[in-house]
Amino acid sequence: MYDVIIIGGGPAGLAAANYCLHKRLEVLLIAPELGGKANYRMHLAGLEGYEHITGEEIVRTFRSRLQYLDFARVRDLAAKIEPIAGENYETFRVLTQKGKHYTTKAIILATGADPIRLHLPEEEHLLGRGVSYSAISHAPLFWEREAAVVGSTDLALRSAAELATVASRVLLIAPEGLPTKSALRRKLEQMENVTILERHVITGIHGNGYVNSITIQDPAGRKQETPVSGVFGELGLRPCSDLVKNLVELDEEGYVKVDDRCRTSRPGIFAAGDVTDTFGEQVLIALGEGAKAALAAFDYLLECEECEM
Ligand SMILES: Cc1cc2nc3c(=O)[nH]c(=O)nc-3n(C[C@H](O)[C@H](O)[C@H](O)COP(=O)(O)OP(=O)(O)OC[C@H]3O[C@@H](n4cnc5c(N)ncnc54)[C@H](O)[C@@H]3O)c2cc1C
């Protein structure tokens, strides 16, 4: 029986695993790969020498340590979590896609969230070369460049507002229109470098190596190609919380609700990083949350009368 099973090998899972190992817990990390979305990086033409601390170095160190300690990790996908009733405390069985099962006293879920794609032909090819899903991460790189934001919600408004503080021009393409009573919308309408295109759609992203233009279609069906060096798909994130949807409380968007110690509504199940309702999808935040979840799981095991460590 493991003390802690960590599901997910991104920054949150890697930090949690390393903290658990430091506490000398019996730990297993289950993930198909190590690094998660910290493996993404944005490159733009002429952007050499831009320095920003993203946490990449820490992720690399944590990943190498776990690659070396191969008894603490398995390359697989968790497929199901089954609670096992105990006298006062539950334990858990984790079943995997490869047909294995492991038992544990506590779980840390760190499965992240996936951005909703635009589903355009060149999107995948130009991802990280002008195509982004995270203005929080990449807007500062668009200093005096032209960028488009695609989305119809508060998230798209927020991303356009952040970009407008640095970019020379921002096109906000809102296929389904935008919230009418938003203060942010009113502010964007006043900004000279922002153009709002409601009921327009993006039909193409173009570029040879880097994004250099997009095609926009107006409500009458007319298409026009416009130069931009970035496209931000801001349709939202889909939290990977299916594994626990019948076990712990989720918010209305499917994020796992956690308290300030990364505890979910079910004792023994902790969660960290982008899969949770914690603010800020960033590598540095996920690293901190993963460390916090490990400390909280450790305290849970210390207090648990039935748990031998
Ligand atoms: C395109 C893009 C660019 C970004 N750029 C930046 C940036 O420049 N700076 C920055 O700070 N942040 C950036 N971010 C955000 C950052 O990558 C995330 O906030 C961070 O990686 C979240 O870490 P996480 O560990 O919670 O989840 P993730 O990194 O998403 O990792 C989730 C892990 O869980 C695994 N997993 C999922 N389901 C299962 C399962 N059933 N069983 C086992 N394992 C599973 C996945 O394989 C993965 O290993 C970017 C995000 C995207 C999408």
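**View 1. Helix 4 and helix 5 cross in a left-handed way.** Left-handed here says that the near helix is turned anticlockwise from the far one by less than a right angle, while clockwise would be right-handed. Helices (H or I, at least four residues) and strands (E, at least two) are DSSP runs, numbered from the N terminus. A heads-up before you zoom in: this is a predicted model, where local features need pLDDT of at least 70, side-chain atom pairs count only at pLDDT 80 or more, and totals for chains, interfaces and linings use all residues. Residue numbers start from 1 along each chain as its sequence is written. Helix 4 (residues 154-164) packs against helix 5 (residues 183-190) at an angle of about 40°, and their axes are 10 Å apart. That angle makes helix 4 oblique to helix 5. Axes are lines fitted to C-alpha atoms, for helices over the stretch in contact, with angles running from 0 to 180 degrees between N-to-C directions. Under 35 degrees counts as roughly parallel, over 145 as roughly antiparallel, 65 to 115 as roughly perpendicular, and the rest as oblique.

**View 2. Here is where helix 4 meets helix 5.** Look for Leu157, Arg158, Ala160, Ala161 and Ala164 on helix 4, and Leu184, Arg185, Lys187 and Leu188 on helix 5. Being in contact takes C-beta atoms, placed from the backbone, within 7 Å. Sorted by class, the contact of helix 4 with helix 5 has six nonpolar, no polar and three charged residues. Ala, Val, Leu, Ile, Met, Phe, Trp, Tyr, Cys and Pro count as nonpolar, Asp, Glu, Lys and Arg as charged, and the others, Gly among them, as polar.

**View 3. Helix 1 and helix 2 also make a left-handed crossing.** Helix 1 (residues 11-22) and helix 2 (residues 56-68) pack at about 55°, with axes 9 Å apart. That makes helix 1 oblique to helix 2. Pro11, Leu14, Ala15, Ala17 and Asn18 of helix 1 make the contact with Val59, Phe62, Arg63, Arg65 and Leu66 of helix 2.

**View 4. Leu109 sits in the largest nonpolar core.** A nonpolar core is a set of buried Ala, Val, Leu, Ile, Met, Phe, Trp, Tyr and Cys residues joined through C-beta atoms within 7 Å. Buried takes 20 or more other C-beta atoms within 10 Å of a residue's own, exposed 12 or fewer, and partly exposed lies in between, with C-beta atoms placed from the backbone. Of this core's 56 residues, Ala16, Ile108, Leu109, Phe270 and Ala297 touch the most other members. Helix 6 (residues 283-303) gives the largest share of this core, ten residues.

**View 5. Gly112 sits in the loop between strand 6 (101-109) and strand 7 (113-115).** Is Gly112 buried or exposed? Gly112 is buried, as 25 other C-beta atoms lie within 10 Å. Gly273 is 161 residues away from Gly112 in sequence, but their C-alpha atoms are 6.3 Å apart in space.

**View 6. Glu144 and Arg199 have positive phi values, though neither is a glycine.** Most residues other than glycine have a negative phi. Phi is near 55° for Glu144, which lies in the loop between helix 3 and strand 9. Glu144 counts as exposed, with 8 C-beta neighbours inside 10 Å. For Arg199, phi is near 60°, and you'll find Arg199 in the loop between strand 11 and strand 12 (201-206). Arg199 is partly exposed, with 15 other C-beta atoms within 10 Å.

How values were computed. Two residues are in contact if their C-beta atoms, placed from the backbone, lie within 7 Å.
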